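Hi everyone, thanks for coming. Let's have a look at this one together, and then I'll walk you through a few spots.

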Amino acid sequence: MAGNGLIPGGISGISNIFHRLFDFPVGATGFVISLVIFLFGLKLLGKLTALKTAVSFTVLAVLTDVFMAALPAFTNDKLLAAAFGGLLSGVGLGLILIGGGSISTTDLVARILNRKFKLPVGPAILVMDSIPIIAGAILFGREMLLYSIIEVAVLSFAVEKIEGGVTGGKQFLIITQKKD
């Protein structure tokens with residue numbers, strides 16, 4: 001999404017803002033921000049969750065900078081970038097959460113809120129991701145806000161479906177006196 005100038009939510013959004021304003025590497029910036037917050041919140045995590053979280057945000061940072069350097073943006077269409085970026089990010093995040101890991105502070109905070117207050121993870125991420133998105137809209141224009149809303153909404157939907165499974169369904173009971 002950074003290749004299209006989109007500003008997602010959370011740490012990635014903050015990293016993309018720094019990239020657009022100061023040309024800082026997106027992955028390295030995200031790593032530094034995540035590491036600082038991770039170190040402050042380390043005592044809240046269990047050892048295994050802390051290890052998985054550290055590995056996840058480190059791998060994400062490295063792969064982000066490697067792919068941004070090696071590959072051009074897949075599409076120049078910001079709507080497609082927002083929709084598919086949100087979908088792929090949401091599926092990836094959902095799988096990491098199922099495995100007990102975390103990529104950054106937004107999903108970590110969302111998981112804590114889920115444990116303590118039974119708030120759904122996807123909507124909690126949606127609310128927390130709003131801060132960088134609003135900052136991006138102020139800095140880069142209202143159109144960016146609309147694309148970012150699409151990206152985060154798709155991401156949140158995908159996380160909820162991956163983490164909670166597709167549980168919705170309908171059941172019909174037909175009562176009749178006729179035999180087939």
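K118 counts as exposed because its relative accessibility is 66%; exposed means over 50% relative accessible area, buried under 20% and partly exposed in between, with a 1.4 Å probe and protein chains only. Please keep in mind that this is a predicted model, where local features need pLDDT of at least 70, side-chain atom pairs count only at pLDDT 80 or more, and totals for chains, interfaces and linings use all residues. Residues are numbered from 1 along each chain as its sequence is written, and side-chain values use heavy atoms, leaving out hydrogens and water.

Back to K118: you'll find it in the loop between α5 (105-117) and α6 (121-128). Helices here are DSSP runs of H or I with at least four residues, numbered from the N terminus, while strands are runs of E with at least two. Most residues other than glycine have a negative phi. K118 is not a glycine, yet its phi is positive, about 60 degrees.

Now, where is D23 found? D23 sits in the loop between α1 (10-22) and α2 (26-41). Its phi is positive too, near 65 degrees, and D23 is not a glycine either. With 60% relative accessibility, D23 counts as exposed.

Last stop, helix α3, which spans residues 47-70 and contains L51. L51 is exposed, at 53% relative accessible area.
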